[in-house]
Every structure is written in C-alpha cells, then in structure tokens.
Amino acid sequence: MAGLKMRTDPEIRARLGESALSHLRTQLRAVDCQTCGSRFRRWQKPALAVYAEGERAQASLHHAGCHRPGWHEGRLGPVPEGRHLTWRAGTFVMPSAMTFGLSSEDIPFFLVNPSYESALLQDSDGEGWRVWTVDLFQELGLDRGLEALKSDAPTRALSASIDGEWISITVRAGKVRHHWLDIPLTAETAGLVRSRGSIVVAVTTRVDVYQPLSHFQVEAYMAAGLMAVGVAALSSPKDAARRRRKR
Ligand SMILES: [Zn+2]
C-alpha cells in the first residue's frame, strides 16, 4: 500500500526518516483538517505538521492553507485537546471458533481507531522517531497479544456503559482521557456484554473502522501484536448515570 500522499518539508523528512514517515503514510487518514475542522477534499494533499517536546511528538494533518508543513520544537501543537480529531468505532461478536481455542464462548468486541488525522511519536532510545499511538494504550494497561481472549479480568483504565442499544467506553488513566460515546450494539452483542459483565476493547490505527473487516483480519492483527486489547467492565446503570451528571 502506497499510503497517504502528504506535503512535508526537508526538516520533517530529515528528522523522521523514511521508516517513521512511511508508517505515518499508512496510519494517518485525511478526514478533517486539525486546524479548522473542515473536511479535506478528495484530491487535496494534506500538510503534515509535527510538534515535538522532549522524547514525544505529535504529527497531524492540516489543509496546506491552514497550516504549512513543518517541524516545531519545544511546544505542544494544536491537536492535544483533540477538538477536530476523528475517531471511529464499531462492535461485533467474535465467534468462539475464531479465538485460537482460547475461549469456549463467543466474545463481544468494541473495535476503535482513536486517531485518524494525528499520530503520537516517540524517540526514547535515541534510535529515531517511531509511531507510538497504539503503544500509549499498552502503557495504560492494555495488552499487545491475545490475553484478552483468555481472561475476562478487567483492565483498570477501561470501563463500559450501555444505554439501550448504545455502548460507550471510557479510558481513564492519569491525564489521559478518551470517551468513545454511543456506538450502536446489536441485541445479540448487548446480551453477551450484559451476561459477561464486560466487553473486549481493541485499539488499532491500522484500519478505517467504517470499512468492512473480517473476523480473520481482526484475529491476524491481534496475533501479530498490532492492536492494544483490554477488557472493559460494564459499570452499573447507576454508576453510568452518576458519571453522566458529572460531565
Ligand atoms: Zn483547514
């Protein structure tokens, strides 16, 4: 896959190198400009901006007229609050036959791509920048393997709530907060989540969740360690109502 065509500049190319840049081309998706929030037009080439602070950086896509491509050192960029950031999620049931023999029961899944137009980067070991978006979730306690298929022990940073035919997932750890709200559930999936008391949450930047994806592909990505996977315990309706009032 050739990946996304983006406008860069010599400094970005020199600092990131071809490996991190080609990873960004396959991960980033031009949905909305991270400066103005409007859509990219179909053939519009987005500008890549990188804001670096110490060993972390954030790369993001913008209309070339809103933000020129460039590297900015020592300050956070326009994206951290995530105002214009696109995320997409969906739910499905993984049949027990597809769980590598690790589960005798069907497993409800919440699949999310948390970051379409922006990616985290890290250069912790002096060996160069690498894309780090999914690693962040691993740091929050999600697993890079198949652990979530074996055990329904909840991941501390995750919680789930169901409201009718909609499910919401919250990630909460230190300063990190994600709320993936109101994703539709079928009656079958909702029933499974209620009887297990939890749902498996798989975080990936590999796919556009709105494109068709087979059980085989999800399984292959998990087995290859390309997703961060955890278990979100279902909070009682009372807890969920209390949280909603607080928001
Ligand atoms: Zn714009």
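Colleague: Before we start on the sheet, when do two strands count as paired?

Modeller: Two strands pair if DSSP finds at least two bridges between them. This is a predicted model, and strand β8 (residues 158-163) is joined to β12 by 2 bridges, the two running parallel.

Colleague: Which residue of β12 does A160 face?

Modeller: A160 stands opposite L234 in β12.

Colleague: And how does β11 run relative to β12, parallel or antiparallel?

Modeller: Strand β11 (residues 198-203) runs antiparallel to β12, and 6 bridges join them. Within that pairing, S198 has A233 of β12 as its bridge partner.

Colleague: How many residues of β12 are buried?

Modeller: Of the 7 residues in β12 (residues 228-234), 5 are buried, so the strand is mostly covered.

Colleague: Let us turn to α5. Which of its residues are buried?

Modeller: In helix α5 (residues 215-223) the buried residues are V218, E219 and M222. Seen down the axis of α5, they fall within an arc of 100°, so they line one face of the helix.

Colleague: Why would such spacing put residues on one side of a helix?

Modeller: An α-helix has 3.6 residues a turn, so residues three or four places apart point the same way.

Colleague: What covers the buried residues of α5?

Modeller: The cover includes β4 (88-94), β5 (107-113), α3 (147-150) and β12.

Colleague: Which residue follows α5, and what is its phi?

Modeller: G225 follows α5, and its phi is positive, near 75°.

Colleague: Now the metal. Which atoms coordinate the zinc ion?

Modeller: The zinc ion is coordinated by SG of C33, SG of C36, ND1 of H63 and SG of C66, at 2.1 to 2.4 Å. In sequence, these donor residues follow the spacing C-x2-C-x26-H-x2-C.

Colleague: What does the pair C33 and H63 tie together?

Modeller: C33 lies in the loop between α1 (10-27) and β1 (47-53), while H63 lies in the loop between β2 (56-62) and β3 (70-73), so the pair ties together parts that are 30 residues apart in sequence.

Colleague: Are C33 and H63 buried or exposed?

Modeller: Both C33 and H63 are buried.

Colleague: Why is the zinc arrangement called tetrahedral?

Modeller: The 4 donor atoms subtend angles of 98 to 118° around the zinc ion, which makes the arrangement tetrahedral. The ideal angle for four tetrahedral donors is 109.5 degrees.

Colleague: Finally, how is the protein divided?

Modeller: The protein is divided into domain 1 (10-73) and domain 2 (88-246). Their centres, taken over C-alpha atoms, are separated by 26 Å. The contact takes 23 residues from domain 1 and 20 residues from domain 2.

Note on methods. Residues are numbered from 1 along each chain as its sequence is written. This is a predicted model: local features need pLDDT of at least 70, side-chain atom pairs count only at pLDDT 80 or more; totals for chains, interfaces and linings use all residues. Side-chain values use heavy atoms; hydrogens and water are left out. Donors are N, O and S atoms within 2.8 Å of the metal (3.2 Å for Na, K and Ca); water is not among the atoms, so sites may look incomplete. Four donors count as tetrahedral if all angles lie between 85 and 135 degrees; four count as square planar and six as octahedral if opposite donors are over 155 degrees apart and all others between 65 and 115; anything else is irregular. Helices (H or I, at least four residues) and strands (E, at least two) are DSSP runs, numbered from the N terminus. Buried means under 20% relative accessible area, exposed over 50%, partly exposed in between (1.4 Å probe, protein chains only). The arc is that of the directions from the helix axis to the C-beta atoms. Contact means heavy atoms within 4.5 Å. Domain bounds come from an automatic or database domain assignment.
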